[in-house]
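Please examine the sequence and the three-dimensional view shown here. The paragraphs that follow begin with the chain as a whole and then turn to selected parts.

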Amino acid sequence: ERHRLLEDQAAATRAEHARRRREIHDEFRARHEVRPFRMHLVLVPAFVLEVAVRRGPREYPFALTWMPISGSFAAVRCPHCDAAAELVAGRDRLGCQSCLTAAADADAYRPLPIAAPAVAAPPAAPARPAASGGSDRIPSPRTPAPGRTGPSRSSRSSRPSRAAGPVPSTRPAGSRSRRRAAGAARRTELGPDPREAGPKLALAFWQAVAAGERWPKRKVARDSPLSALYRVYGAAGPLRALGVLTGRLPTEADALALPPAPGEPELTMGAIVAGGTRYPYVLGWMVEDGRPVLCEVTSGLDPAGPHRRSRRGGSAPEAAAPDPVGGLDPVASALWRNELPAVGLALTLRCLATWWRVEELVGGAHRPEDLAAAVAGAVSRAAGVRRAPAALAAAYASEPLAARAVGRELGAALDLDPGRGW
């Protein structure tokens with residue numbers, strides 16, 4: 001009579017024993033979790049084809065990217081959420097079905113998004129954007145408010161924070177000492193973490209560019225490539241440096257601070273959106289006389305780029321740089337005419353900045369070609385560009401000995417800082 005009961009108890013005991021063994025095995029089994037801690041940005045050659053998607057009388061700008069390596073177009077992504085989904089031309093905008101049916105989260109960070117400019121009324125007081133992970137998302141720049149002729153500030157516009165008291169400059173005379181004073185004054189002026197100050201500074205800079213304003217002169221480093229850029233192109237200089245077409249203004253921008261390098265300016269990189277096209281940028285800044293100042297705007301981390309080991313002409317955007325707005329002196333004209341197709345716009349601006357800094361130190365006995373050759377050689381050496389002295393003198397129709405004489409006369413004035421290159 002108890003035989004069936006004992007069999008059931010034995011079966012239940014064996015099942016509980018097996019369950020407990022599995023539980024112990026799972027508890028002490030080794031596990032691992034892979035979490036990425038570093039992201040690498042890999043750039044490949046590509047061609048951007050600007051198109052217009054039409055729905056009746058409405059037109060939506062868009063850009064297709066052709067990848068020569070794969071021989072095909074890159075996947076089409078939504079201009080708002082950056083999702084790889086089929087696009088729909090709606091009544092108000094072009095986007096994926098999710099963006100057209102649901103409101104997009106305006107505060108969510110998306111790297112390098114393409115979004116149409118949002119028109120908003122000017123707020124009572126600007127608010128600071130929150131920094132996350134060492135990067136900021138810069139909202140749409142200033143848009144005109146009804147009833148006003150000038151641009152109004154966006155509700156998320158911000159300016160870099162300043163210290164409570166002024167910081168006296170510890171910079172002695174000479175160009176090399178500026179980078180020594182930058183490290184000592186950076187934390188006092190911009191706080192303990194420059195990674196938060198860099199995106200805020202870039203945000204304010206591109207908002208001024210979008211409004212058609214020139215960055216204040218007191219916030220531009222003295223004798224810097226940025227000052228030369230403004231002197232050549234005026235308020236639109238930063239856009240010309242990135243190859244933005246005339247008539248287009250930034251509608252959105254992203255900023256991310258790069259780790260600082262000893263003896264070099266702080267770098268903030270990102271991209272701006274103008275006319276539906278993304279333009280990458282690198283913004284260099286430092287602390288001068290106790291305040292943050294901008295010194296250079298380029299389209300890549302290395303201004304020398306492919307010219308570092310090549311003497312061939314520059315890329316198409318650099319070779320097609322528009323003519324200067326104002327007239328140039330003979331030396332600056334020679335530098336512009338020879339350096340722009342040889343090494344590109346970024347190094348040409350360094351040459352102009354160097355020349356305008358040492359212009360008052362040279363006498364009138366030198367030919368403009370000799371002066372231009374000496375300045376171009378000094379900038380090329382500081383940037384690590386290999387250019388033979390004989391070839392450089394031949395490009396300027398100058399004598400190598402004459403260029404060396406100019407270098408001896410200027411002395412330390414042409415001993416450029418390799419960390420900055422100007």
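**A guided reading of the chain**

The model is a predicted one, in which local features need pLDDT of at least 70 and side-chain atom pairs count only at pLDDT 80 or more, while totals for chains, interfaces and linings use all residues. Residues are numbered from 1 along each chain as its sequence is written, and side-chain values use heavy atoms, with hydrogens and water left out.

Of the 422 residues in the chain, 40% are buried. Here "buried" means under 20% relative accessible area, "exposed" means over 50%, and "partly exposed" lies in between (1.4 Å probe, protein chains only). The chain has 12 helices and 10 strands; these are DSSP runs numbered from the N terminus, helices being H or I of at least four residues and strands E of at least two.

Consider next a pair of strands. Strand β9 (residues 277-288) pairs with β10 in the antiparallel sense over 7 bridges, where pairing requires that DSSP find at least two bridges between two strands. One of these links joins Trp285 to its bridge partner Leu294 in β10. The two strands β9 and β10 form a hairpin with 2 residues between them, and Asp289 in the turn has a positive phi of about 55 degrees. Strand β10 (residues 291-298) is mostly covered, as 7 of its 8 residues are buried.

Because 10 of its 14 residues are buried, α8 is largely enclosed by the rest of the structure; among the buried residues are Trp336, Asn338 and Glu339. The 14 residues of α8 should span 20 Å at 1.5 Å a residue, and its end C-alpha atoms are 19 Å apart, which agrees. The expected span is 1.5 Å times one less than the number of residues. At the start of α8, a side-chain oxygen of Asp329 reaches to within 3.2 Å of the backbone nitrogen of Val331. After α8 comes Gly344, with a positive phi near 95 degrees.

How many disulfides does the chain contain? With a disulfide taken as a pair of cysteine sulfur atoms within 2.5 Å, the count is 0. The sulfur of Cys81 is 3.5 Å from the closest cysteine sulfur, in Cys96, and this is too far for a bond. Cys81 is partly exposed, with a relative accessible area of 24%, whereas Cys96 is buried, at 3%.

Conventions
Polar contact = N/O pair within 3.5 Å; in protein donor to acceptor, adjacent residues only side chain to side chain.
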